Amino acid sequence: MKGNRVFALPGFFLLLLFIASSPGWAAITVQCPGDTNGDAIWTGSEVRPDNTVCIHLTAGDGFIRMADGYLQYIFGFNDFTGTPPDQVMDEAMLSQQFPAPTIKVKEGQNVYLTLSNVGMVQRPDLFDAHTVHWHGFPFQTPVFDGEPMASISINMGSSLTYYYAAPDPGTYMYHCHFEATEHMQMGMLGNLYVTPRQDDLPDGTVLGSHVHHTGDRYVFNDGDGSTRYDVDYPVQILAFDPRFHDASMNVQPLPFAMMRDTYPMLNGRGYPDTVSLTPPAPPDENGGRVSQPMNSLITASRGQRILLRISSLSTVEFYTLSSPGIPMLVVGKDAKQLPAYFTTNSLTLGGGESYDVILDTADVARGTYFLYTTNLHNLSNDNEDFGGMMTEIVIN
Amino acid sequence: MRKKILQIILIIIIAVFCLAGVSSAAEFWLRAGTFIKTMPDGVQVPMWGFARCTANFASCGALRVPGPPLIVPPGDNSLTIHLRNNLVGPYTEPVSLVIPGQAMPTDGIASSPAPVKVPDANGNLRVRSLVHETLVGSDGVYVWNPLKPGTYMYESGTHQAVQVQMGLYGPLKRDAAPGQAYSGIPFDREVVLFFSEIDPALHNAVVTDNYGPGKSMTSTMYYEPKYFLINGQPYSSATSAIPAGNAGQRVLIRFLNAGLESRVPVMDRHYMSVLAEDGNLFAHPKEQYAPLLAAGKTLDAMITPQAQGTYAVYDRMLGLTNAAASPGGMLAFLRIATAPAGAASHGQR
Amino acid sequence: MRSIMTQRFRWFPVMAILLLLGASPALAAIQGVTGTTFNLTAKADHISTPDGNSILIWGYALNNGRMQYPGPTLILNQGDTISITLTNNLPPGAGNVSILAPGQSGGTATGGVQGLITREAPPGGSVTYTFVAAQPGTYAYYSGTRPELQVEMGLVGAIIVRPAGFNETSNKIAYGHPESRYDDEFLFLLSEMDPNIHEFVEAGLMNMIDNTKYWPVYWFINGRAAPDTMLDANVPFLPTQPYNCLPTTHPGERLLMRIVNASRDLHPYHTHGNHHKVIALDGRLLESAPGAGPDLAYAAFTTSVPPGGTADGIFYWIAKAGWDIYGTDNGHDCVDADGDDLDDATHEYCPDHGKPFPVNLPHKNDTTFGAFWGGSPFLGTAEPLPPGEGGFNPNGAYFFMWHSHSEKELTNFDIFPGGMLTMMFVEPLSAPLVNP
């Protein structure tokens with residue numbers, strides 16, 4: 001049986017890719033159909049193909065600040081979609097962010113993600129390659145899975161383009177898998193999710209007892225509207241071991257066996273930075289650039305359904321995340337709709353797990369609530385009290 | 001006319017009783033105080049705990065950890081707790097009460113919970129209490145309306161990283177109906193297994209005012225528990241078995257974990273039918289022998305023991321020592337008696 | 001960084017053995033012992049870790065043979081009455097020993113002495129446990145004597161109960177329902193060790209052991225740390241670690257994962273390649289009512305089994321890549337007569353048939369190649385690689401890492417890579433799985 005009519009498009013664009021980006025040697029090279037100048041966006045006479053998304057991520061090193069002010073050296077990703085390829089190395093070096101930029105795509109989109117390795121400025125002795133592991137994407141093939149032992153990784157100064165037909169909707173995550181223990185502890189971690197086709201149904205489509213209206217959004221193609229939400233927030237559990245990061249910065253042997261995370265975080269910050277709308281003061285060490293752009297403050301109007309896309313990329317511990325005053329309706333685990341939803345007030349996640357949780361605020365009094373770990377010693381920024389893995393849910 | 005007036009009066013009386021049934025409130029008085037708990041190896045650990053008092057704090061029982069069980073009658077669907085802060089020592093803090101799984105309480109007057117934030121050294125506000133506070137030497141009122149049925153933990157909502165670990169927690173239950181934990185879930189017997197931990201170094205630092213900014217211990221991050229307790233006691237040779245019904249009966253085990261780490265309670269030779277967590281009934285019970293009891297979690301599990309005997313319940317995450325000494329820790333025993341003659345017997349799933 | 005270069009050389013013995021055995025390594029169905037009466041002996045011995053360490057452990061030996069870690073997997077038949085006699089040959093000072101078999105019913109114990117949790121075999125003595133393997137499934141067994149020490153020391157194992165109607169060739173089911181059928185099955189028994197405890201035991205300093213300071217630095221699957229997980233079973237230089245963990249499958253087959261958490265901690269076990277469907281926990285099908293089959297099964301890409309507990313997952317792999325995973329220049333067909341979108345023989349996803357590879361791969365000089373990269377993105381195709389690169393994937397299989405996602409656990413006492421890690425590989429249909 002021949003493929004369907006869509007199959008012709010990749011072939012056509014492969015030719016364009018070939019024209020636009022002759023694979024050279026040690027060069028930043030973006031592959032994006034319809035994009036001829038390699039900046040991964042379509043401007044001027046460039047034509048964007050239907051249903052196509054291009055992303056240009058860099059991988060390298062950077063600096064961030066913990067909530068107690070402590071400077072941390074990191075490895076990470078940054079988003080340079082739109083930057084001409086000959087400017088990427090200069091702009092991206094030492095600029096990486098934590099967490100990595102959130103990737104959000106729609107089910108069925110053709111996703112071309114170019115990963116460019118911009119090297120480690122702080123560690124000129126390292127020539128580590130990098131990958132993007134699309135954690136949880138089903139029906140994977142090794143070449144784009146980003147797991148380096150079974151696949152390929154990209155060396156410094158060069159680019160590798162991943163292709164995915166964005167799969168079933170849900171909350172995934174992504175991270176570098178090269179020397180995973182080191183690169184993940186060092187911070188190459190980010191949120192990734194896929195939105196369902198059901199979001200784009202014609203206005204008035206009947207879904208069981210729910211009538212879809214334009215603007216309604218769902219976690220999954222649930223067929224009945226039961227995973228409908230009004231506002232969504234990715235909440236990623238992350239944690240650092242400062243001794244490990246300091247050893248990396250100071251070219252010392254890395255303490256794998258003694259790894260102990262004492263900076264627990266959500267979306268790259270510890271409380272109270274999690275609820276601050278202004279990022280932590282940019283470190284001088286990376287040229288004064290904002291490197292922690294993401295807060296975790298959750299706000300909604302009373303009556304709204306809040307979707308929490310909870311994931312963990314902790315490299316050491318499990319964490320239990322609790323919403324003591326607002327019940328959690330768990331509708332999905334690991335980017336799959338659960339056969340039976342359940343209600344709880346806390347979920348326990350290890351690295352590599354995700355949950356889709358809907359908070360129904362219909363019966364919740366207005367006010368400020370808290371989403372935090374019941375492993376209570378992790379309400380600390382290392383030796384600083386009143387911090388750590390906590391954020392706020394404000395119901396207006 | 002007189003008959004009609006009497007009828008109206010009767011209707012009003014009935015209506016008043018009905019309304020009283022709908023909005024019946026349970027009311028308790030708790031005081032928080034400081035006391036010493038002795039471990040089986042003789043180590044004395046300073047604790048903060050709750051004691052149950054009679055109305056208006058007229059007289060109080062002993063401070064204890066876990067706190068006194070609060071049993072809300074099935075017909076009561078709201079709860080008021082009067083809290084008195086009697087913490088003493090060189091270091092004290094305000095306290096409060098929350099019940100994870102229920103709504104956040106108010107003081108009965110405000111319509112929203114009122115968390116308390118305090119500025120840090122840089123002037124940034126950080127939350128100290130999830131709800132309104134009760135200062136040392138004062139009384140506070142905490143109201144939950146409505147109150148859902150199920151198994152819950154009440155605990156301080158203030159500086160939880162310190163106060164929960166210090167001992168400010170206890171069990172609370174409200175059955176949906178007499179003999180029914182949840183609607184349609186009858187039981188013959190119930191047992192509470194309340195898991196918790198103690199890090200004596202943290203307790204000693206707190207009560208000697210060596211905890212806080214600039215002190216010898218500035219955060220709880222380096223928490224290292226040394227004692228592991230079920231129902232307030234680590235295992236020792238003095239531990240006696242807990243009566244847990246008869247063979248053939250439906251025995252409801254209410255698990256609670258006020259520790260800071262997950263536990264896995266395994267009952268020797270028994271599956272558990274895990275029905276609910278945090279007071280939320282599952283659509284389908286889970287048949288497990290190694291359920292995960294996360295930090296801060298409650299689980300309701302039904303067992304239907306088929307044979308009489310004394311059965312161990314142990315933490316399979318192996319918190320089974322008293323400091324370095326073995327045996328100890330989270331080890332308890334449930335004693336199942338023989339089936340009474342002629343009693344209804346429930347099969348094992 | 002240094003670790004990758006040094007670790008590479010450690011991998012040569014791994015693959016030398018695999019290559020010597022031909023196209024695919026010999027794959028056992030789950031290794032274990034069958035029967036209804038078993039004699040186990042608790043005794044001490046040493047295990048090896050890939051960083052060159054030798055650790056004293058206590059384990060269960062079959063009859064009075066050499067101790068093994070984990071203990072022998074007992075493969076039982078539903079409904080049988082099982083009798084296990086345990087004899088205690090642990091070294092002096094070790095105390096009593098016992099077996100708990102959670103999940104088994106009607107258990108009684110005779111002989112030995114009464115311990116805190118169960119009856120125990122005193123030094124030199126024996127105890128006999130009897131139970132009925134009433135329900136099919138995957139279960140754990142471990143010592144009930146001073147468990148925080150003896151589980152750590154290695155006294156753990158797995159029990160598998162075959163359902164009524166199970167047949168090794170014609171009816172491979174895990175539970176008494178067709179939805180639990182599988183083509184290949186593999187055991188994943190997870191454990192960990194803090195070598196300080198073992199050193200204290202070996203030095204006769206058991207009073208120095210402090211369980212509250214537990215700090216594991218080794219992590220194992222089926223008793224071995226990576227890369228030893230991927231060696232053959234029963235290699236002569238790991239005499240006390242007979243089991244391996246090297247799962248493999250074909251596209252479209254059902255691979256049954258029997259996960260047993262014999263450790264004391266949670267480990268988030270992650271399958272690259274696809275989700276797995278969790279059909280049972282603790283030896284009980286996730287079903288809404290008896291006989292309904294696993295209608296409450298859920299898909300997961302990472303499963304964290306509570307310590308002592310078990311999970312059964314069905315892993316099924318095909319590719320839906322958006323491009324033809326067999327390439328577009330070899331004239332292969334995709335024939336879907338039964339309308340399930342898959343080629344009836346190879347399980348190729350026909351909607352992607354003929355779609356070209358969508359990007360240009362980087363220049364070889366800009367690429368770091370994995371040891372298990374076959375040189376080509378296409379399944380079943382191996383392409384030349386620069387000298388010294390790859391070489392561990394001669395058939396062009398698809399390899400996927402299956403591992404604990406607590407990445408700290410992918411180390412052997414400070415050395416990366418290692419620990420709780422293995423590689424699952426999908427062979428093209430043309431490459432038969434030996435002894436599936």
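Student: What is the accessible surface of chain A?

Tutor: Accessible areas come from the Shrake-Rupley method with a 1.4 Å probe; for residues, only the protein chains shown count as cover. Here, chain A has about 11,900 Å², and carbon and sulfur atoms hold 55% of that. This is a predicted model: local features need pLDDT of at least 70, side-chain atom pairs count only at pLDDT 80 or more, and totals for chains, interfaces and linings use all residues. Residues are numbered from 1 along each chain as its sequence is written, chains are lettered from A and ligands numbered from 1 in the order in which they are written, and side-chain values use heavy atoms, without hydrogens and water.

Student: What share of the residues in chain A is buried?

Tutor: Buried means under 20% relative accessible area (1.4 Å probe, protein chains only). In chain A, 69% of the 396 residues are buried.

Student: How many bridges join E19(A) to strand E22 of chain A?

Tutor: Two strands pair if DSSP finds at least two bridges between them. E19(A) and E22(A), residues 354-360, run antiparallel with 5 bridges. There, A:Gly332 has A:Asp356 as its bridge partner.

Student: What do E19(A) and E20(A) form?

Tutor: A hairpin, with 2 residues between the strands. A:Asp334 sits in the turn with a positive phi of about 50°. E20(A) spans residues 336-344 and pairs with E19(A) in the antiparallel sense over 5 bridges. A:Leu329 is bridged to A:Thr343 in E20(A).

Terms used:
Buried means under 20% relative accessible area, exposed over 50%, partly exposed in between (1.4 Å probe, protein chains only). Helices (H or I, at least four residues) and strands (E, at least two) are DSSP runs, numbered from the N terminus.
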